[in-house]
Amino acid sequence: MTTYNKIIKLFLAPIIAVLFCTAVTGCKDDEGLQGSEYGYVQFKLYKAASYQPAEETPASRAASEMLSDIQKVEVELNYNGTSITQTLVLNSYNSENAEYGMRSDKLQLMAGTYTMVGYRLLDKVDEVVSSYNASGDIEVRPGELTVHDLTAEVQERGQVQFKLMKSWVSDSRASTPSEETYLFSDIDMVDITLRNTFTQATVELEKIPVRQELNYSDSEQGDVPSETGDKYYSSEIAYTDSLVWVPAGEYQVVEYSTYRKSGAVTYNLEIGTGVEGTAFTVEDNQVTKDAEVPVLLSETSEKIKDYMALYEIWKALNGPEWNYVGEAYPAGANWNFNKEKDMWGVQPGVQLDDNGRVTALTIAGFGAKGVVPDAIGQLTELRILAFGAHDEKLGGNITASLRADMSEADKKKVRENYANLFLKKDSREDLSEMLQWVINRDPKQKAIKKSTRISPKDVQIGAVTNEITEISKAVMRLTKLQNLFIANSTITADKVFTDWVPNPVEGVPTRDYEEEWKDESWDWGNFKDLTDMELYNCKNFTEIPEFVLHLPELQVLNLACNRGMKMKEQWIRLVTGSTSGDGSEDPTTVASKIQMLYLGYNDFGDEDNEDNNFPPLKVLSHMKNLHMLDCTSSGVKGKVEGFGSDIVLSQLLLSDNEITEIGDKFCSFSNDVETLNFANNKIERIPNIFDASSLYVMGGVDFSGNQITGVADPDNFKGINASSVNLSNNKLVKFPKELFQAESPITTLNLAGNGIEKIEEGDIVNNRAGGRNKNANLISTIDLRFNKLSSLPDDFRATGIPYLRGFDVSYNCFSKVPEQPLNCSELEAIGVRHQRDAEGRRILREWPVGITECPSLLQLQIGSNDIRKVDEEMTPQLWIVEVKDNPSITLDVTSVCSYISAGLWMLIYDKTQDIRGCDALDIEN
């Protein structure tokens, strides 16, 4: 056998043995070599430039740019004169780690001394990349691993991390117009072009992810003094979020592109050309950190001008003393200018668009004081401007939630926010708690939500939260305005948007705005986007500011709580342009566009006519698009004629006035009505302004707290097309049968707190013609508390009102529980508490035998009577029973004790009563 064949045999024998061992016993190669005549050789391949020992001399220059391009190594060894050639796979964790070296597979050889002849480097398709001569011995020892280093002539490369730095220039640079379209903090990715300072060759790096960092220094820097906020100076720096490989050499950044990422779409922000970053050096396999990319920013860009204007406004309005009160921002918050000037737009109450321009400015709650300067006119992208708001103390969220791109649903929420906070009330809130419980259990009915109205107001009427005394007419440049709020201020109407030219504010480098804008044409007719305005609780307002009359598209106007105005005169002026208008004049543009008008908590006093201080119908008939009106608690007296039947309202709030009569043609009503509120006036008759035959049924009508004794024009009364009617706390002696004779589609009727003595047969189930009331079966809830009833007609049986679910006759004169409603199969709750005769004596003594067998009854309230011994056995079905204040009652609850213990049956009782059969109850013996 030749020496060559012996070596091959020695190569193959251990491989077969190892495979056999692995398949049969799972043993390891290294364990099998212990004490044998074989060993391992492993080759490590390094870049020649970064390899210090440099044992080998390359035979030819490598063709690859990166070490990871090399996949295999073919080594040639000499063993006792015999040449051995073997190809081995090269490995690394990833392509980046490969630059620091690669390992070959292990080569198993018989122990001995081998001489290195040379090696070839192969790519992934086994093509030779380069060949090298080599020398030196490799000693293979039995049972050991010998490592031998190789080198390759590969391009020298190092890793670089870039730092994006702001670089300010004093001109707007026509070569980079897109610089205006982003903020530094928007940068998500960057392209960078490098130039080798020696060879002038360029390297292009694309779409490198970027991370932002805020830096704070314990010192004051920048352009403003320490009074402007935080003692720590804030600055922004961006770093590339990964290391990139770059050929070794000295470089400068010469070009960059920045990107903002939005979902799957990437937007190019800016291409900066002609930049020159600080030179930096890249060394082989070394990391170069913080290579600077100077991102060019213009000091004359419009967004920077916006931020300078913010500082000027802040300074002019006593900004250093601002101290926020409210819930939208942290208590005591103020603006901070101790940071880089392109960060000045990030302030509480300021919103920016994607271009960095100011789109919303809200200083409600900060305590501004002084004159709003001409600098306000710089903010030409402004959509929202608020110098105060109706909820700034307890809330403050209405202005913070405003956006230029709001949906119609969001706009509606904003427009109704004031009404929802302070005005609106579900007409069913006056029902007894038991009846509200029944309604809230019914998935077919809208749940009753208790009003959360802040009482009486967020800011007391006449109180102020800011002392703004004037506002520059430079606001006339802000033609993109959508919402304007002036509230809780000391300002007078004649100082809103005046010709005031400010003196320079001390310490502020102001611009000469008057000179800069002298050639511009300003006109309120340009404000086609300004649809919503609040001029609220300004105690020194005696009139509506003149500019309001010239707005072309105003839809919502809140003038509430301005008690210095004579509101009747100002309303006439709003419509006709004159306080003495009689309706014959051409209406103002704004009159025909207004849809929602808040005039509550004002003074409608009319010294010339105490009986009618509402504007005449001829004036109000011009408000063709009005659908919501609030005149809550404004001293409206006497008869009000209204708008005429051509005006269709969906919300009408006239509560808490001294109205005695509503005119027949007050208005029409849309199918969107939730509640019409006439509560707490002096109305004596239910007005004949509704129509039960309408195709649309309104939510609720509230006439509670008036002096109503009946309906207007009984023989021709058209009814009320509302599902809920509240007539509580009036002076009704007779049941208002006219409502049912007109077939009003009522489901909930509240007649509590009247003096009704009797309900006649047919009052509910008959119509005016004497036939059957087709809508009687709609009634599901009736509240008759606090009347003088002692009996009920058969109208209340299932044959009359079959779907009755809640019925309360507490505080009446019944000597027995009325049986008629108990006949209704869907009755869930009945209340018969506190029955007394004319002398105040308890007259209800009998327990309603069989009541526990009513098919749907869940709750019985029979307290404050004189019930004696109850012989009826309680059942789990009737699971809420109230018997408080029945001093002589005897009641056994043994049959439901287990349910009581499990919290599935509720007894409302007095501890001193004779309640037996359940130790779970806290009864005093």
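Three strands, in the order 21-23-25, make up an open sheet whose pairing is parallel, where a strand is a DSSP run of E with at least two residues, a helix is a DSSP run of H or I with at least four residues, and both are numbered from the N terminus. Two strands are said to pair if DSSP finds at least two bridges between them. Strands of a sheet pair through backbone hydrogen bonds, either parallel or antiparallel. The edges of this sheet are strand 21 (369-372) and strand 25 (496-498), each of which pairs on one side only. From one strand to the next the twist averages 25°, with axes taken as lines fitted to C-alpha atoms (for helices over the stretch in contact) and angles running from 0 to 180 degrees between N-to-C directions. Strand 23 (residues 467-472) is joined to strand 25 in the parallel sense over two bridges, and Ser 472 has Thr 498 in strand 25 as its bridge partner.

This is a predicted model, in which local features need pLDDT of at least 70 and side-chain atom pairs count only at pLDDT 80 or more, while totals for chains, interfaces and linings use all residues. Residues are numbered from 1 along each chain as its sequence is written, and side-chain values use heavy atoms, with hydrogens and water left out.

How many residues of strand 26 are buried? Five of its five residues are buried, where buried means under 20% relative accessible area, exposed means over 50%, and partly exposed lies in between (1.4 Å probe, protein chains only). Both faces of the strand are covered, with Asp 532, Glu 534 and Tyr 536 on one side and Met 533 and Leu 535 on the other.

Rolling a probe the size of a water molecule over the atoms shows where empty space is left. On a 1 Å grid over the protein atoms alone, a cavity is a set of points where a 1.4 Å probe fits but cannot get out, a pocket is an open set with protein on both sides within 12 Å along at least five of seven lines, and lining residues have an atom within 4 Å of a point. The points are joined across faces, edges and corners, and a volume is the space filled by probe spheres set on them.

Across the whole structure, a search finds two cavities of 30 Å³ or more. The largest cavity has a volume of about 130 Å³, and of the 13 residues that line it, Val 414, Arg 415, Phe 485, Glu 534 and Val 556 are the closest to its centre. Strand 26 gives the most to this lining, with three residues. The lining divides into seven nonpolar, three polar and three charged residues, where Ala, Val, Leu, Ile, Met, Phe, Trp, Tyr, Cys and Pro count as nonpolar, Asp, Glu, Lys and Arg as charged, and the others, Gly among them, as polar.

Turning to the pockets, the largest has a volume of about 730 Å³ and is lined by 28 residues, of which Lys 425, Asp 426, Lys 446, Glu 674 and Thr 675 lie nearest its centre. By class, this lining has three nonpolar, 15 polar and 10 charged residues. The second largest pocket holds about 490 Å³ of space, and among its 25 lining residues Lys 412, Arg 415, Gln 595, Met 596 and His 627 lie nearest the centre. Helix 6 gives the most to the lining of the second largest pocket, with five residues.

Two serines complete the picture. Ser 650, in the loop between strand 31 and strand 32, counts as buried because its relative accessibility is 8%. Apart from residues up to four places away in sequence, Ser 650 touches His 627, Ser 670, Asp 672, Val 673, Glu 674 and Leu 676, where contact means heavy atoms within 4.5 Å. Ser 592, which lies in helix 11 (residues 589-593), is partly exposed because its relative accessible area is 24%. Leaving aside neighbours within four places in sequence, Ser 592 is in contact with His 622 and Asn 625.
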